[in-house]
Amino acid sequence: MKATMSKSEPVGEEAFHIAMDEYEAESKATLGDLLDDMDAKRGEFESRMNLKSGRDFFNEKPPPMQWLVEGVVEKGALIMLAGPPKTAKSWLTLELGLSVASGKSLFGDPLLAGSGIPGTVLFCFLEDGPYNIHARANALASTKGIKDVGALDTFFRFGGGIDMGQRSHAMAFADAIKRGVPRMSLICFDPFRNLHYGDENDSAAIIQVMDNLRLIRDVTGSAVLVVHHTRKPSASDKSNPGYAIRGSGAIFGAVDGLISMMTVDNSERDTDSIVNNIHVRVKGGREASPFSASLTIKDGFNGRASKATWEVSGRI
């Protein structure tokens, strides 16, 4: 009878190789689990921090520039319109808003073309009264070839009660717009000083206000135009008009674009027009060249404007 042969345990070099194979297999499994865990944690970290990897970021091509007014107001941008007192800033705000609401060019200038598509505009006049705005809008509409200004998709709000220094106010405002008018094109606030109760020179307070205005821009998808005053300009402000904005430098740093108005001395001109040199700064694209624009207003029998005409008198 044959004796049963038992397989002997590996020894020497064979045993070493078997042990190494088992170690490598176990190490790979452990390393794989570790890498999977790291990937999961990385994904969770990116999600919680709202991060985007460089690969994903550069694989997404930026969309083309979309203008509400060519070279002046970009779609979905936060814009500051600034100038000294009595430079027709509110008039220009209405002109911009009517251009967006009608899709027509700004000042009737083909180089400042509108989108060609009528949009929806909200005017928040925190200082001017409704009767003046009613007259001004009709006066401007008549020279823009708008036969029925009331037929445009516009909304008006007068008086205060909006505090953009409070996050809750901004969130409530943005939510109301998104729910009520989900495709708003432009929201205008006039003036900035009535939009908050903080110190304009307090950077921390102003940063909060500008963050809240950006929140409205982002939630609604609308461009936001804010009218503000400038201080007395210095010689350097002619080439850098953003520096002349009154208050903290955080204001200019927070906006996507700036429309700056500088009054031209009319003392030697035989005209009743208000003439301004207008500079535009657009951070995301090419802006319109600086130009001079004049506003001529004719009053009606009741002392309010009956006709108002903007005219671009040339590039500067």
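Before selecting anything, one term: pLDDT is the predictor's confidence in each residue, on a scale from 0 to 100. You'll want it here, as this is a predicted model. Colour the chain by it and start with residues 1-5, where pLDDT stays under 50 and the model has 0 contacts beyond four places in sequence. Where pLDDT is low, the predicted coordinates should not be read in detail. So hide that stretch if you like. For the protein chain, the mean pLDDT is 87, with 88% of residues at 70 or more.

**The whole chain**

Now switch to cartoon. The chain has 316 residues, and 41% of them count as buried. Take the contacts with a separation of 6 or more: 66% of these link residues 24 or more positions apart.

**Strand 3**

Select residues 78-83. Why call this strand largely enclosed by the rest of the structure? Because 6 of the 6 residues of strand 3 are buried. In a regular strand the side chains alternate between the two faces of the sheet. Show the side chains and check each face: Leu78, Met80 and Ala82 are buried on one side, and Ile79, Leu81 and Gly83 are buried on the other.

Strand 7 (223-229) pairs with strand 3 in the parallel sense, over 6 bridges. Zoom in on Ile79 and you'll find Leu225 of strand 7 opposite. Strand 8 (residues 257-263) also runs parallel to strand 3, joined by 4 bridges. Here, pick Ala82, whose bridge partner in strand 8 is Ser260.

**The largest pocket**

Rolling a probe the size of a water molecule over the atoms shows where empty space is left. The largest pocket found in this model has a volume of about 380 Å³. It is lined by 17 residues, and the ones closest to its centre are Lys86, Ala88, Lys89, Ser90 and Arg136. Select those five to centre your view. Which element gives the largest share of this lining? That would be helix 3, with 3 residues. Helix 3 (89-102) and strand 7 each supply at least two lining residues. Colour the lining by class and you get 7 nonpolar, 3 polar and 7 charged residues.

**The second largest pocket**

Move on to a space of about 310 Å³, the second largest pocket. Of its 16 lining residues, Leu68, Lys75, Ser115, Ile117 and Ser185 are the closest to the centre. The classes here are 7 nonpolar, 7 polar and 2 charged.

Stay with Ser185, which is in the loop between helix 5 (167-180) and strand 6 (186-190). Is Ser185 buried or exposed? Its relative accessible area is 15%, so Ser185 is buried, the cut-off being under 20%. Beyond its neighbours within four places in sequence, Ser185 contacts Leu68, Val100, Gly119, Thr120, Ser222 and Ala223.

**Last stop: Leu106**

Select Leu106, in the loop between helix 3 and strand 4 (121-125). Leu106 is buried too, at 2% relative accessibility.

How values were computed. Residues are numbered from 1 along each chain as its sequence is written. This is a predicted model: local features need pLDDT of at least 70, side-chain atom pairs count only at pLDDT 80 or more; totals for chains, interfaces and linings use all residues. Side-chain values use heavy atoms; hydrogens and water are left out. On a 1 Å grid over the protein atoms alone, a cavity is a set of points where a 1.4 Å probe fits but cannot get out, and a pocket is an open set with protein on both sides within 12 Å along at least five of seven lines; lining residues have an atom within 4 Å of a point. Grid points are joined across faces, edges and corners, and a volume is the space filled by probe spheres set on the points. Ala, Val, Leu, Ile, Met, Phe, Trp, Tyr, Cys and Pro count as nonpolar, Asp, Glu, Lys and Arg as charged, and the others, Gly among them, as polar. Buried means under 20% relative accessible area, exposed over 50%, partly exposed in between (1.4 Å probe, protein chains only). Contact means heavy atoms within 4.5 Å. Two strands pair if DSSP finds at least two bridges between them.
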